[in-house]
Amino acid sequence: MIPTTRLWAVLALMALPMMAAGFFPGLGGLVLALDLLVVGLAAVDLVMARRVRLEVHRHLPSKLSVGVPNRVEVQLIHRSNQAVQVRVRDDVPEAFTATPEEAPLSLPPQSQTRWVYKVTPSRRGKFSFGDVHVRVRGPLGLVYDERAFKAAQSASVFPDLRGASRLLLSGAALDLVNLGLRQLRRDGRGSEFARLRDYAQGDSVREVDWKATARRGKPVTRVMESERSQSLLIAVDAGRSMAAQVDGLTKLDHAVNAALFLAFVAVRNGDRVGLVVFADGVKTYLPPAAGRGQYRKIVDALYSATPSLTYVDYLALFKELNVRLTRRSLLCVFTDFLDEEQASTMIDPLHRLARRHVPLCLSVKDTALLGLLRQPPPGPEEAFQHAVASELLSDRETLKARVSMGGVQMIDVQPDELSLAAVNRYLDIKARGVL
């Protein structure tokens, strides 16, 4: 039984006759009668609240996405003949943020009511929801009857695949600009002829096929496409520095989301895509292959990838890739440059790899450190933190410059820009025929 605000207010008012009874002993019996009346009314209210018949069911999506709001629906079936007021709260996993955490609802007689809220998972993996808790208010408004409805349910949290899903549903999968992703370049700047189509506003004059235009009597554009069946290997760092939180997600989660979007676009373009997850050694390796089945293997491999609190052995990674990666490939390495001593070990082997392949390093900016530098330090402790952050970012920029010197391309962007930047650079490399 949970007292309501109304019951607490009544009890507070009861303090007045109790104080008066101290001066007028004859009022003692009246005070006792009032107390018994309030207790009796609360008991009656509780009994009536417990007579309310409810059924509660939770409906979860088959897959939840990390770092984004996911819709959860709770269905309340009211089988009594009187309207009732309730408060609903769901037991969500500790790694989830629920919005809102609870809600007041009014249930009409003999009705079905749906409560929809959003959960934002902060990690990938398997999690369990607990019971659904419902507080039923009595008709007198004095007490709540709290009930726990058994609703244990497992949930799988996957990387954020919304970008890939939108691309899959698009009627023009190669025309990425139509998806509203304005930073994506339009595919079709490659070297292989694809088809002819009617001229559209915005087409370059150089793309006009004049012979076809003369035959048809109207402007015709020649559509080119990038060479297919090229090789792309995505390498994802799962070391200790990737466990750092940036904008609500770990750096590893940002890398996984971008890697999956990049893999999806590459598979749709007909390229062969592979994956390697590494830390103090190679954890997972999928040789480059084509087709949707390969994309599903990549999703399954990255679904369970978690950061290891160990150093990153770049030498072991590039030594193994030097043996396994025999065909010239675009090598996209998602990693971090905040630990200069650790990351500097990648420079020489990466430069050697650049003689045979096209290496591309991708990382996210540390927004917390950048935000710290934008504000003047108010005290000595903050001034020390400011100096450390400045030194870390300076070392990071120096390391990035050293990596770029040996023909290695670099991308270092805000976390929410990583996916688009990776796909843009991939399309640009294909369009320029570098592979």
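I begin with Arg124, which sits in the loop linking strand 8 (111-121) to strand 9 (125-129). Please keep in mind throughout that this is a predicted model.

Is Arg124 buried or exposed? Its relative accessibility is 10%, and because the cut-off for burial is under 20%, Arg124 counts as buried. Two polar contacts of its side chain deserve mention. One, at 2.5 Å, is made with the side chain of Asp253. In the other, the Arg124 side chain reaches the backbone oxygen of Ala305 at 2.6 Å. Setting aside neighbours within four places in sequence, the contacts of Arg124 include Val66, Val157, Phe158 and Pro159, and also Leu252, Val256, Leu302, Tyr303 and Ser304.

I turn next to a pair of helices. Two packed helices are described by the angle between their axes and the distance between the axes. For helix 5 (residues 251-268) and helix 6 (residues 292-303), the axes come within 10 Å and cross at roughly 175 degrees. Helix 5 is therefore roughly antiparallel to helix 6. Which residues make the contact? Helix 5 contributes Val256, Ala259, Leu260, Ala263, Phe264, Val267 and Arg268, while helix 6 supplies Arg292, Tyr295, Ile298, Val299 and Leu302. By class, the residues of this contact comprise ten nonpolar and two charged, with no polar ones. Val256 and Leu302, named here in the helix contact, are also among the residues that Arg124 touches.

The next element is strand 18 (residues 272-278). Of its seven residues, six are buried, so strand 18 is largely enclosed by the rest of the structure. How does strand 18 pair with strand 15 (residues 231-237)? The two run in the parallel sense, with seven bridges, and Ser231 stands opposite Arg272 of strand 18. With strand 19 (residues 282-289), strand 18 is joined by five bridges in an antiparallel arrangement. Leu275 has Leu286 of strand 19 as its bridge partner. Strands 18 and 19 form a hairpin, with three residues between them.

Finally, I come to Cys332, in strand 20 (residues 329-334). Cys332 has a relative accessible area of 0% and is buried. Which residues does Cys332 touch, not counting those up to four places away in sequence? They are Leu232, Leu233, Ile234, Ala235, Leu262, Leu360 and Leu362. Leu232 is 100 residues from Cys332 along the chain, yet their C-alpha atoms are separated by 7.6 Å.

Conventions:
Residues numbered from 1 in each chain as written. Predicted model: local features only at pLDDT ≥ 70, side-chain atom pairs only at ≥ 80, totals over all residues. Heavy atoms only, no water. Helix = DSSP H or I, 4+ residues; strand = E, 2+ residues; numbered from the N terminus. Buried < 20%, exposed > 50% of the residue type's maximum accessible area, 1.4 Å probe, protein only. Contact = heavy atoms within 4.5 Å. Polar contact = N/O pair within 3.5 Å; in protein donor to acceptor, adjacent residues only side chain to side chain. Axes fitted to C-alpha atoms, helices over the stretch in contact; angles between N-to-C directions. Parallel < 35°, antiparallel > 145°, perpendicular 65-115°, else oblique. Nonpolar A, V, L, I, M, F, W, Y, C, P; charged D, E, K, R; others polar. Pairing = 2+ DSSP bridges.
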